[in-house]
Amino acid sequence: MTDLDKGRPGEGGDAPHPEVRSAPFFPGLGGRAGGVPSPAGVPLSSPPPVPPPASGSPPAAPPAAEPARPAAPESGAADRPAGEDAAPSPGTTATVKGRVTIEDEVVEKIARLAALEVGGVAGLAGGPGRTGQPGTPGVRIRLQDNAVTLDLAVAVEYGSVIMDVAKAVKANVARVIGLMLGMRVLAVNVSVEDVRVPE
């Protein structure tokens, strides 16, 4: 057996050799940032001593320490006057007393505009919105608590499929009223009262 085949002292000749790893590309002490490594066993040198001041000259004053800065305030805290309560977080809403009232004319106008958005609707037909009162022509509403029932009288463009247009009007009016007003729509009754040639 040659000397190369022998293991290290205390190990058998058949024991595996430890894995040889390459040195890191950048030299330096492990875990220390930058700097040139010192040879093993040589202590690092201390900084050079400061010479004493010459006699007759006033002693140099030590460097003034920088005054401590206060911690940066949270965003928005500087805008708030002192003593004012903290504003609610963005995910919460403050409770404010008051009442919101939506007039019937607003509900009628939203229903009218939602019906006119549908392709194939030439316009609204019919008389005043509510019986005996002026309102949006072709729209009549009945409110019960937070629910609404709508009656619409529409004019359809000539050449359109009337049933498809009526179904689209019902769906769009119910969707828009629910989204804009937050009301529950009980029913949307569509009455096709006229056919008009598109202009």
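Q: In which strand is Val-192 placed?
A: Val-192 lies in strand 4, residues 184–196; strands are DSSP runs of E with at least two residues, and helices are runs of H or I with at least four, numbered from the N terminus. The model is predicted: local features need pLDDT of at least 70, side-chain atom pairs count only at pLDDT 80 or more, and totals for chains, interfaces and linings use all residues. Residues are numbered from 1 along each chain as its sequence is written, and side-chain values use heavy atoms, with hydrogens and water left out.

Q: Why is Val-192 called partly exposed?
A: Buried means under 20% relative accessible area and exposed over 50%, with partly exposed in between (1.4 Å probe, protein chains only). Val-192 has a relative accessible area of 32%, so the term partly exposed applies.

Q: What makes Asn-172 count as buried?
A: Its relative accessibility is 12%, which is under the 20% limit. Asn-172 belongs to helix 2, residues 162–181. Leaving aside neighbours within four places in sequence, Asn-172 is in contact (heavy atoms within 4.5 Å) with Ala-114, Glu-117 and Val-118.

Q: How do you know that the buried residues of helix 2 line one face?
A: The buried residues are Val-165, Ala-166, Val-169, Asn-172, Val-173, Val-176, Ile-177 and Leu-181. Seen down the helix axis, they fall within an arc of 135 degrees, so they line one face of helix 2; the arc is that of the directions from the axis to the C-beta atoms. The face turned away carries the exposed residues Met-163, Lys-167 and Leu-179.
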